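I opened this notebook page to record what I looked up in the model. The entries follow in the order of my reading.

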Amino acid sequence: MATESSSAKRWLPLEANPEVMNQFLWGLGLEPDAAECNDVFGLDDELLEMVPKPVLAVLFLYPITKKSEEERIEQDKEIKEKVHSDKVYFMKQTVGNACGTIGLLHAIGNITSEIKLSEGSFLDKFFKSTANMTPMERARFLENDSQIEDAHSVAVTAGETPATDDADTHFICLVCVDGELYELDGRKAGPISHGASSPATLLKDATKVMKKFIDKNPDTLNFNVMAISKRT
């Protein structure tokens, strides 16, 4: 949740808690019977089978380390040289500790065809307003929106553990768009493609990416995985 922010604004970090995330999203306009966040208790096959299907997006919380920061800088050099699909909804992060909210917006913004947003709700208006913006314009739009900031603050207080400003973990989103698995991280220059995927294999494909993160940081257990599943 800690970030390199281009804004002086900082929020308190969201807790990696499906109940908190659900109340947050439902309050902003995601229809409760459309989708919900669920814990992923482990990345072994039998635990992945317990996750409600179909999975529409995955949220991954990982520790920010010296190694992960060095890799991010190297990745940004490569990202800037590539042309990305306009079909991927991506936004930069300019507000400190806003990565939980950014991760959720990345998820919802790329699965709007699979879910229902209440007409006139915050999420409905946000995605309609920002549809043709650049990633940085979307970030500034979010930064200046008091409604989302207030909703984020309420969600923070709903967590089970006291929030602190010095978090050293970070949320990203993994989602399938047009047959490709994308890593969406507002701290990076753009979306990162991790190859072919499909709605049916999204969770297992995302697991391969997350395991690489975990393998690179064997000395920490500070990881968390949540899936946004369609309610059927």
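I take helices (H or I, at least four residues) and strands (E, at least two) as DSSP runs, numbered from the N terminus. I note that this is a predicted model, in which local features need pLDDT of at least 70, side-chain atom pairs count only at pLDDT 80 or more, and totals for chains, interfaces and linings use all residues. Residues are numbered from 1 along each chain as its sequence is written, and side-chain values use heavy atoms, with hydrogens and water left out.

Entry on aspartate 45. I located aspartate 45 in helix H2. Aspartate 45 has a relative accessible area of 49% and is therefore partly exposed; buried means under 20%, exposed over 50% and partly exposed in between (1.4 Å probe, protein chains only).

Entry on valine 51. I found valine 51 in the loop between helix H2 (45-48) and strand E2 (55-63). Its relative accessibility is 3%, so valine 51 counts as buried. Leaving aside residues up to four places away in sequence, I listed Asp39, Val40, Leu203, Ala227 and Ser229 as touching valine 51, contact being heavy atoms within 4.5 Å. Aspartate 39 is 12 residues from valine 51 along the chain, and I read 7.6 Å between their C-alpha atoms.

Entry on lysine 204. I placed lysine 204 in helix H8 (residues 202-216). Lysine 204 counts as partly exposed because its relative accessibility is 43%.
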